[in-house]
Amino acid sequence: MSLQQAPSSRVFVELVPWADRGQENSLVSGRETLPGIRRPLSSAQSQTTTREVHVSGTAEVSADPDRAQVAVRVSSTKAAAAEAKKSVYRRLDYITQSLQQQGLQAENVTVTKDFRRVENAYHMEAEVCITFTEFVKMQNICNFLVEKLDRSVVISPPQFYHTPGSVENLRRKACLVAVENAWRKAQEVCNLVGQTIGKPLLIKEEETKEWEGQIDDHQSSRLSSSLTVHQKIKSATLHAVSKVFITFEVKGKEKKKKHL
């Protein structure tokens with residue numbers, strides 16, 4: 001008697017995204033569990049899966065110094081105290097009046113005085129510290145004082161610097177330009193593959209760097225006294241670099257509606 005063959009069976013397998021990749025067991029009949037069985041995503045869940053594009057962007061910006069400071073020193077040494085004071089005060093008044101006529105505000109001018117005995121004489125010294133926001137005006141005033149006053153007046157070379165507000169603005173500008181560059185890069189990538197860029201999901205500034213002057217200006221900085229005004233400004237120019245990492249959402253290409 002021959003054995004009856006069992007009917008053949010067929011197995012169909014469908015691969016779908018998993019609802020929970022960290023879940024190792026899925027509930028079956030009763031309380032029994034089988035390892036390695038996971039629940040698939042529904043069709044609605046599968047359609048809401050977020051597609052992303054990850055890009056980085058960098059930017060380098062620079063800013064010239066926005067302030068310059070010059071010190072004008074007036075001194076006199078006389079046998080009589082009154083004569084030393086009179087000589088200094090006369091030139092000091094001339095300097096302050098000249099600054100007022102040039103439109104400099106009082107808060108940008110600071111005057112300090114020093115009077116002392118030197119052996120058998122009296123020494124009087126005054127210093128006028130001037131802060132400029134217009135460098136052309138600074139040069140004109142310094143040239144005028146050199147021409148009108150005698151050798152007892154010494155004008156220091158200008159010292160250029162940045163105010164804290166200008167430094168912060170430069171840092172912010174570097175970051176914003178880096179974000180814009182990253183957005184343009186992501187937009188071009190999406191256009192290339194027939195997609196459209198969506199909203200940003202993550203924006204992270206990964207690196208910042210700042211320095212003054214050119215990287216190869218170390219040798220010239222040692223001879224700062226021999227630099228021209230233009231070279232001093234260039235040496236004091238501040239540079240800032242920002243690098244950002246951004247994740248954007250990717251959307252499908254929008255279909256244009258036909259106008260009837």
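Which side chains meet in a salt bridge with an N to O distance of 3.7 Å? The side chains of Arg67 and Asp66 do so, a salt bridge being a side-chain nitrogen of Lys or Arg within 4 Å of a carboxyl oxygen of Asp or Glu. The structure is a predicted model, in which local features need pLDDT of at least 70 and side-chain atom pairs count only at pLDDT 80 or more, while totals for chains, interfaces and linings use all residues. Residues are numbered from 1 along each chain as its sequence is written, and side-chain values use heavy atoms, with hydrogens and water left out.

The structure holds six salt bridges. In the pair described above, Arg67 is partly exposed, with a relative accessible area of 25%; the classes are buried for under 20% relative accessible area, exposed for over 50% and partly exposed in between, with a 1.4 Å probe and protein chains only. Another salt bridge links Glu210 with Arg171, whose closest N and O atoms are 2.5 Å apart. Glu210 belongs to strand S9 (residues 195-212) and Arg171 to helix H4 (residues 164-192), so this pair ties together parts that are 39 residues apart in sequence. Helices (H or I, at least four residues) and strands (E, at least two) are DSSP runs, numbered from the N terminus. Both partners are partly exposed, with relative accessibility of 37% for Glu210 and 39% for Arg171.

Helix H4 also contains the pair Glu180 and Arg184, four residues apart and therefore separated by about one helical turn. Their side chains meet in a salt bridge at 2.9 Å, N to O. Glu180 is partly exposed at 37%, and Arg184 is partly exposed at 42%. Salt bridges that share partners, moreover, join Glu168, Arg171 and Glu210 into one network.

Aromatic contacts were examined next. Rings of Phe, Tyr and Trp (its six-membered ring) pair if their centres lie within 6.5 Å; planes under 30 degrees apart count as stacked, over 60 as edge-to-face and the rest as tilted. The count by this rule comes to three aromatic pairs. In one of them, the ring centres of Tyr94 and Phe144 are 6.4 Å apart and the planes lie at 15 degrees, so the pair is stacked. Tyr94 is part of helix H2 (residues 81-101) and Phe144 of helix H3 (residues 135-148), so the contact ties together parts that are 50 residues apart in sequence. Tyr94 is partly exposed, with a relative accessible area of 32%, and Phe144 is likewise partly exposed, at 30%.

The rings of Phe115 and Tyr122 have their centres 5.9 Å apart and their planes at 5 degrees, so this pair is stacked. Phe115 has a relative accessible area of 34% and is partly exposed; Tyr122, at 24%, is also partly exposed. A charge sits over a ring if NZ of Lys or CZ of Arg is within 6 Å of the ring centre and within 35 degrees of the ring normal. The charged end of Lys85 sits over the ring of Phe115, 4.8 Å from its centre, and Arg117 lies over the face of Tyr122, at 4.6 Å from the ring centre.

Between strand S5 (109-118) and strand S6 (121-132) runs a loop that includes Glu119. The phi of Glu119 is near 55 degrees, a positive value in a residue other than glycine. Most residues other than glycine have a negative phi. Glu119 counts as exposed, at 72% relative accessibility. Strand S6 itself contains Glu127, which is partly exposed with a relative accessible area of 27%. Glu127 and Val154 are 27 residues apart in sequence and 9.4 Å apart in space, C-alpha to C-alpha.

A search of the whole structure finds one cavity of 30 Å³ or more. On a 1 Å grid over the protein atoms alone, a cavity is a set of points where a 1.4 Å probe fits but cannot get out, and lining residues have an atom within 4 Å of a point. The largest cavity has a volume of about 40 Å³, the volume being the space filled by probe spheres set on the points. Its lining consists of Ser98, Leu99, Gln102, Asn140, Ile141, Phe144 and Leu145. H2 and H3 each supply at least two residues of this lining, and H3 gives the most, with four residues. By class, the lining has four nonpolar, three polar and no charged residues; Ala, Val, Leu, Ile, Met, Phe, Trp, Tyr, Cys and Pro count as nonpolar, Asp, Glu, Lys and Arg as charged, and the others, Gly among them, as polar.

Methods: On a 1 Å grid over the protein atoms alone, a cavity is a set of points where a 1.4 Å probe fits but cannot get out, and a pocket is an open set with protein on both sides within 12 Å along at least five of seven lines; lining residues have an atom within 4 Å of a point.
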